[in-house]
Amino acid sequence: MLAKNRYAIVEPGDGILTRLNKRLLHRAVPRFPRTVQIQTRTGCNADCIWCPYGESFPTQPKGTMEWGLFERIVEECARHKVRRISPYLMNEPFLDKELPKKIRFIHDNVPTAKVVVTTNGSRLFPDVVKEVVDLGPALHAIYISFQGMEKKGYEKTMRGTMDFETNLMNINRLIDALEAKQAKFPKVWITMVDTNVIDAKKAIAYWQKRGVHSKYTTLENRGGNIKDAENLAHTEMDYYTECTRLMKQGYILFNGDMVICCTDYSRQMVLGNIVDSSVYEVWNGTQAVTYRRAYLSHRFDELPLCKVCKVDRVKEVEVMPWKAQNGGISN
């Protein structure tokens, strides 16, 4: 049976049996990423305890992606039938005032791709909510990172950069607007990272009663970039040795740099730059293939991020709304 998370690269020196084994029992690394994340601009107004942004941002290049580059990326994604495109990466997407325009451009040019964004909810002002609702099916889903349902835990997680009541009001504003319009899209998901600072299960139960999709993901140390991760985990953290991100997901920064992972906030593992090249060429380039070979061979010492990347043993959980579970309609 094909292993869902087991990838293999057929090498020139492989014998017939090895090639057959790889093709029958493993997934082939696609010639183009299945999903693509695009950093349309840098910057975030939050500083989460499980995110490297606050520490890395002062030392990293800053700017907004040129429209021509954004357009070229989307058009290349269209040619290769990318399944999901997310116009955000290591940033708060709604700080980009042209985000709705860019979402429509993606949908118009790659109508079969799901367009998804993740936000901290702080910019969901009335005018922004109207724009989001008006996007309709152009925006498949909006994931709102809202950490728990208790003020103390939430604001500690956000290091005091976000206000619990304000962002909860923003979320409710969006949910109410979608319900008033009986809109099926965008789907709303409330997400959180499961740390010992919040009660994720309690929060999931709250949103389930509201009829809203909700999930929590396991804590990572983000390629070793979260020094305090062990103190935030529920259990002893394990090395992450079965990651599929570098096998199927493309991460493009505002200046055209492609990094190996969404946790590479400091550009430790750059695959190349697409400004004078293409996503296809960088994805299949020497650097990218070298990294994948090392990972699949468990030569983690050759990979600066991967060799120190750890995750909590607690598995992620996602919960469908009560209405959906019982045959009703939900957002």
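Predicted model: local features only at pLDDT ≥ 70, side-chain atom pairs only at ≥ 80, totals over all residues.
Student: Where do I start, and which residues have the most contacts inside the largest nonpolar core?

Tutor: Start with the core, then look at who sits in it. The largest nonpolar core has 99 residues here, and those with the most contacts inside it are Ile142, Phe146, Leu174, Val188, Ile190 and Trp207. Helix H7, residues 164-180, gives the most to this core, with six residues.

Student: Take Ile190, then. What does Ile190 touch?

Tutor: For this kind of list we skip residues up to four places away in sequence. With those set aside, Ile190 touches Ile144, Phe146, Ile171, Trp207, Val212, His213, Ser214 and Lys215. Notice that Phe146 and Trp207 turn up in that list, and both are also among the core residues with the most contacts.

Student: Those two have rings. How many aromatic pairs does a search of the whole structure find?

Tutor: The search finds 10. To read one, check the distance between ring centres and the angle between the planes. Phe146 and Tyr154 are 4.6 Å apart, centre to centre, with 35° between the planes, and this pair is tilted. Phe146 is buried, at 0% relative accessible area, and Tyr154 is buried at 0% too.

Student: And why is the pair of Tyr206 and Trp207 called edge-to-face?

Tutor: Look at the angle: the planes are at 85°, so the pair counts as edge-to-face, and the ring centres are 4.9 Å apart. Trp207 is buried, with a relative accessible area of 0%, whereas Tyr206 is partly exposed at 29%.

Student: Which residues form an aromatic cluster?

Tutor: Trp67, Phe70 and Phe105 form one. A ring can also have a charge over it: the charged end of Lys102 sits over the ring of Phe70, 5.9 Å from its centre. Elsewhere, Arg292 lies over the face of Trp283, 4.1 Å from the ring centre.

Student: Now a helix. Which residues of helix H5 are buried?

Tutor: With a helix, list the buried residues and then ask where they point. In H5, residues 126-135, the buried ones are Val128, Val129, Val132, Val133 and Leu135. Seen down the axis, they fall within an arc of 155°, so they line one face of the helix. That buried side packs against helix H4 (99-109) and H7.

Student: What about the face of H5 turned away from the buried side?

Tutor: That face carries the exposed residues Pro126, Asp127 and Lys130. After H5 comes Gly136, which has a positive phi near 55°.

Student: Last one: how many residues apart in sequence are Arg79 and Asn91?

Tutor: They are 12 residues apart in sequence, and 27 Å apart in space from C-alpha to C-alpha. Arg79 is in helix H3, residues 67-79, and counts as exposed at 58% relative accessibility.

Key: Residues numbered from 1 in each chain as written. Heavy atoms only, no water. Core = buried A, V, L, I, M, F, W, Y, C linked by side-chain atoms within 4.5 Å. Buried < 20%, exposed > 50% of the residue type's maximum accessible area, 1.4 Å probe, protein only. Helix = DSSP H or I, 4+ residues; strand = E, 2+ residues; numbered from the N terminus. Contact = heavy atoms within 4.5 Å. Phe/Tyr/Trp six-rings, centres within 6.5 Å; stacked < 30°, edge-to-face > 60°. Lys NZ or Arg CZ within 6 Å of the ring centre and 35° of its normal. Arc of directions from axis to C-beta.
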